[in-house]
Amino acid sequence: MRTVEIIKEALFAKKGEEFETVSLPHTWNNLDGQDGGGDYWRGEGVYKIFLPEHHDSKRQYIEFRGANHVAVVYCNGQKLGEHKGGFSTFRFELTDFMKDGENELTVVVSNEECDVYPQQADFTFFGGLYREVCFIEVENSHFDLMQTGTSGVFVTPHVSGKIRIDGFISNAENCQIRCRIKDREGKTVVEKTITAESHTISDLMIKTPVLWDGLKNPYCYTAELTLLKEGKETDQVRELFGIRSFHVNPDDGFYLNGVRTPLHGVARHQDRKNMGWAITHREHEEDIEIIKEIGANTLRLAHYQHDQYFYELCDKAGFIVWAEIPFITAFRPGKEAYENTLSQMTELIAQNYNHPAICFWGISNEISVTCESEELYRNLCDLQALCKRMDPSRLTTMAQVSMLSMESDHNDITDVLSYNHYFGWYMGDVSENGPWLDRFHKLYPDRCLGVSEYGAEANIALHSANPEGHDYSEEYQAYYHHEMLKIFEKRPYLWSTHVWNMFDFAADSRDEGGCKGRNNKGLVTYDRKTRKDSFYIYQAYWSEKPMVHICGRRFFDRTEDQRNILVFTNCSEVRLYVNGELAGTSKSKDHGVLFENVALKDGVNEISVRTEKENVSDTIQLNAVAVPNPAYSLPKEETEAGNWFDSIRTDEELEFKEGYFSIKDKIGEMLEQPEARAVVQELFDKASAKGGAGEDMQKSIEMCRNMALEPILTIMKAPKGTAAYLNNKLNKIKKQSDI
């Protein structure tokens, strides 16, 4: 029978340096990938792994569950092969390369820029063997381990109870397969033994199947396939699966097993403070428990294939999952990069085919950020075709960026689509989200629209009694998310909404909000130790368990004009107590209660809230002071929302004259007037001459019609002063409607 041994350590060296012993999983960027500066080491790392003892009568394989970006593997000095893609499982057979005595594996891993996606993104590309490495021994006849990194077993269930199982066998001659389906308690509900072939198909029927029903009842069966040769068991594979149906309606969203199930949830990155991507089952389990706590029912696992163990946790928890490949942000023309997108999509689908949690395959994220080209469009269409060919049972989706026109042909490629919108953070006001969504739905009522990203940064050390965009305060983030929830609640046509992000994550090029090397849009801190106030407004909306939370507990020092108390709750009424005395009672509205100008005594005060009916409470302490605490705010020059493309900063005051154009006007309006169009053309011509992002954007200025010029400058990495230069030019051009 099969044996699997997880390899716990290896020798590691950056190329040309001395080897040291490291624990696996391992990344060489766990520290420099999170400290800021955009200078984390990207290069080749070399691992030497000493393999366990082997048996000559068996066959040996090595399995890597994640090596970023490219891995070249050698056994005893002989090359086994190369794998391109940092997030999927891959294997090589060792049998013909093994020798008596000690066997050494050499693995050269590189996270340098190449034709492998992701090319560019707002997160650190941690290098190394950051997931488990396994040594596998099997009998000569076994379930094929070279089937795209899978178990070789694929289960296709139907709500009728009919189950199709495809099994791929290496050396199937004179073999049989015993197929058993077991219920959640381990009891066999159906069994069948058939003659094995290299590709064996078995059809079974479960009478009165129990459906996998999301959070309500994530019921999973187990398909247990045993390979028999002349009556002796030679190999066995167990695959968890669930039986469910789903569809999406453009008017009222997602349906699971015929029941409308609005999808509200979060996106997740896999890294952890001081660990990078080299995390263990313990960290995966902690993440899933925190996500359960908030009350989400869907996860967007971005922007790459996640660990198989985490998908399995999602199966058992009942989350609806959007799984995607890292075809993100920067499109790279050429055959090699094109083939890499197809390869990564093939691995994602094949390796995750059996997970009932996964309902959506994501083919790209913000990939049109710099252009819409024919080559990109063909690439996306080919990914769509691949998904439907490999797995017609699931829906496809993609995450678009705000600047992509509603009229873009890209929006017709996948079964459903979503947009990443940051009105209220990188641009505009949070109130602009609702009207944009309504315009799209009115223009395309038959399209299924969702929101795949939205968010605002919060450093838990920063606070404000009068929060505003870009102050990085915990209070603004809470306000922003509260407003977004109100917007979503009024729009049942949205098939899903996914917060960006559940957890803070590493983005080494960032330096903003008083924090280097990090994207702080998480509802929970990078180390998972602190739930920000925004976490609790989601819990108030989504969780059925009664809760109450007082915001601002880290806003400890309060002057007289900073003494409003905000409470998030899913209860109807809360009572406020100050130093044990009742200070007010209020009904909740939109899951929030605001007690204004609460009287505090000098020094430390105990603030409590309680609910009578549900008997839940929360308590914090606040310190009444005379002078504001300067540590709660950043210098003004550090409060500009510097998205990862680089911000434009200028000391020159910009003027916005009524009746005249400015950088706050939409590109589409400028294109309609020759003088303003010439200014836009000048910008793109200069960017093209520098060979930057503008070179691609030049090809599709029309794509930017629905976006103001100001955020376009940020995306194009325009030099300091560009905003003032263009704004001054536009201020001299009167709008036609005002002539």
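**Entry 1**

I began with Thr-341: leaving aside neighbours within four places in sequence, Thr-341 is in contact with Tyr-117, Ile-325, Phe-327, Asn-379 and Leu-383. A reminder to myself: this is a predicted model. I then looked up where Thr-341 sits, and found it in helix H3, residues 335-352. Is Thr-341 buried or exposed? Its relative accessible area is 2%, and under 20% counts as buried, so I wrote down Thr-341 as buried. I also checked the separation between Thr-341 and Leu-240, which are 101 residues apart along the chain. Their C-alpha atoms are separated by 27 Å.

Next I turned to strand E28, residues 395-401. How many of the residues of E28 are buried? I found seven of seven, so I noted the strand as mostly covered. Both faces are covered. On one side I listed Leu-395, Thr-397, Ala-399 and Val-401, and on the other Thr-396, Met-398 and Gln-400.

I looked for the strands that pair with E28. Strand E27 (residues 358-365) runs parallel to E28, joined by four bridges. E29 is also parallel to E28, with three bridges joining them. Ala-399 turned up in both pairings: Asn-365 stands opposite Ala-399, and in E29 the bridge partner of Ala-399 is Ser-418.

**Entry 1: the covered face of H5**

E29 came up again when I looked at helix H5, residues 433-443. Which residues of H5 are buried? I noted Asn-433, Gly-434, Trp-436, Leu-437, Phe-440 and His-441. Looking down the axis of H5, I saw that the buried residues fall within an arc of 165°, so they line one face of the helix. What covers the buried residues of H5? I found that the cover includes strand E29 (417-420), strand E30 (449-453) and helix H6 (474-489).

**Entry 2: H1 meets H7**

For a pair of packed helices, the description I need is the angle between their axes and the distance between the axes. I looked up helix H1 (residues 281-294) and helix H7 (residues 533-542): their axes come within 8 Å and cross at roughly 60°. That makes H1 oblique to H7. From H1, the residues in this contact are Ile-290, Glu-293 and Ile-294, which meet Phe-535, Tyr-538, Gln-539 and Trp-542 in H7. Sorting the contact by class, I got five nonpolar residues, one polar and one charged.

**Entry 3: a sheet of four**

Last, I looked up an open, antiparallel sheet of four strands, in the order E15-E14-E19-E20. Its edges are strand E15 (188-195) and strand E20 (232-241). Here the twist averages 15° from one strand to the next. Seven bridges join strand E14 (residues 175-182) to E15, and Cys-179 stands opposite Lys-192 in E15.

Methods:
Residues are numbered from 1 along each chain as its sequence is written. This is a predicted model: local features need pLDDT of at least 70, side-chain atom pairs count only at pLDDT 80 or more; totals for chains, interfaces and linings use all residues. Side-chain values use heavy atoms; hydrogens and water are left out. Axes are lines fitted to C-alpha atoms, for helices over the stretch in contact, and angles run from 0 to 180 degrees between N-to-C directions. Helices (H or I, at least four residues) and strands (E, at least two) are DSSP runs, numbered from the N terminus. Angles under 35 degrees count as roughly parallel, over 145 as roughly antiparallel, 65 to 115 as roughly perpendicular and the rest as oblique. Contact means heavy atoms within 4.5 Å. Ala, Val, Leu, Ile, Met, Phe, Trp, Tyr, Cys and Pro count as nonpolar, Asp, Glu, Lys and Arg as charged, and the others, Gly among them, as polar. Buried means under 20% relative accessible area, exposed over 50%, partly exposed in between (1.4 Å probe, protein chains only). The arc is that of the directions from the helix axis to the C-beta atoms. Two strands pair if DSSP finds at least two bridges between them.
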